[in-house]
Amino acid sequence: MASQPVTSHLLPTYARVDLAFERGEGAWLTATNGERYLDFTSGIAVNALGHAHPHLVEALTTQAAKLWHVSNLYRIPEGERLAARLCDATFADKVFFTNSGAEALECAIKMARKYQSVSGHPERFHIITFEGAFHGRTLATLAAGGQKKYLEGFGPVVEGFDQIPAGDIEAVKRAIGPQTGGILIEPVQGEGGVRVIPASFLKGLRQLCDQHGLLLIFDEVQSGVGRTGELFAYQKSGVTPDILSTAKGIGGGFPLGACLGSEEAAKGMTAGTHGSTFGGNPLAMAMGNAVLDIILAPGFLQHVRDMALLFKQRLAELQDRFPQVISEVRGEGLLIGLKAVVPAGDLVNALRDEKMITVSAGDNVVRLLPPLIIGEEEIATATGAIERAAERLTRAVKEARGAAS
Ligand SMILES: *Cc1c(COP(=O)(O)O)cnc(C)c1O
């Protein structure tokens, strides 16, 4: 009964659970019926600092009382500051702010195409992408993601994306042609099932890009902003991209995305080549700066790594104890996937019955995306919930077997 469709005037594009929340604090959400849930979804890696973080509330209310929006026809000092901080902390020299992940990818794709065009290669507008990828729901990012179920019925697919299997460097070599201008990859595939792309493969891509004059683009919309225990996942792999898109966690719940580029990669993006009405407005910039205040504070990323290690140890124990429910624990930092043996949706539902919310991903995986501020107590609570859910599901599997034999 819980997932009966709710009558509503909202376009029914989401399969919603019949559950609504009215407030949140840290890693906890309170539903409209008063029940409390441990939030290990974080709005799909968005509420990186949990709910109602005092520093974010302070930054939002202070900025709201000063100035919400001015157009990009004027300088926005908060945005210049946020861009400078992102560049100081990464490979990048230039930043474009957006309102979402898909828009950050659109900017990345345009930047790569424009770079090739102004470098004398307008024919190099193709970008190599990988199976299992997810880059967003706009027409171009759907084409980049290449998932048939999302493209079906929406007319001609945007041209210029060549999709191949991830992890096969020979396939990449074969796919590079006179029209290729760049390679786009998530260093950790999120929606595709929390698949960590080996650093050796990313290194291979970097070499091929250098050899052929291609731009390497990392989609860190989900893996960015501290999620993996580094500011960006690429910093752990040791492979530097030319362009990087991020979003989700960067606004801490405020809609914000960013496209970062090296000076060279961004050279074609001159005045008038791109724009966004809302992108980078003062309210959004205040939130981005407030998030970075916390994420870049000394010790914060170490805390993420420590909590990730602890949680993964607990999860590995649960995997050993419940092999009929969990077959693998994978991921990087606090971007964690439980490969399920039962249908992943059953595990998500069983966890929700235990008052813990999680989200499924491709490859029959349950994603655990706690806010990065969690401590040992929340990990213990989560471990208990997973243990009880796994016990119940194991019993159900055994009963079903008993009934069948
Ligand atoms: C969520 C996501 C996107 C799309 O972001 P939106 O804000 O929904 O447009 C793109 N790439 C990756 C890797 C994502 O996880």
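The model is predicted, so local features need pLDDT of at least 70 and side-chain atom pairs count only at pLDDT 80 or more, while totals for chains, interfaces and linings use all residues. Residues are numbered from 1 along each chain as its sequence is written, and side-chain values use heavy atoms, with hydrogens and water left out.

Select residues 54-66 and 282-295, which are helix H2 and helix H10 (helices being DSSP runs of H or I with at least four residues, numbered from the N terminus). Their axes, lines fitted to C-alpha atoms over the stretch in contact, lie 9 Å apart at an angle of about 155°, on a scale that runs from 0 to 180 degrees between N-to-C directions. That makes H2 roughly antiparallel to H10, a term for angles over 145 degrees. To view the contact (heavy atoms within 4.5 Å), show His55, Leu56, Ala59, Leu60, Gln63 and Ala64 of H2, which meet H10 residues including Pro282, Leu283 and Ala286.

On the H3 side, the contact is made by Glu78, Gly79, Arg81, Leu82, Arg85 and Leu86.

Finally, select the ligand, whose surrounding residues (a heavy atom within 4 Å) include Ser100, His135, Glu186, Asp219 and Lys248.

Note on methods:
Helices (H or I, at least four residues) and strands (E, at least two) are DSSP runs, numbered from the N terminus. Angles under 35 degrees count as roughly parallel, over 145 as roughly antiparallel, 65 to 115 as roughly perpendicular and the rest as oblique.
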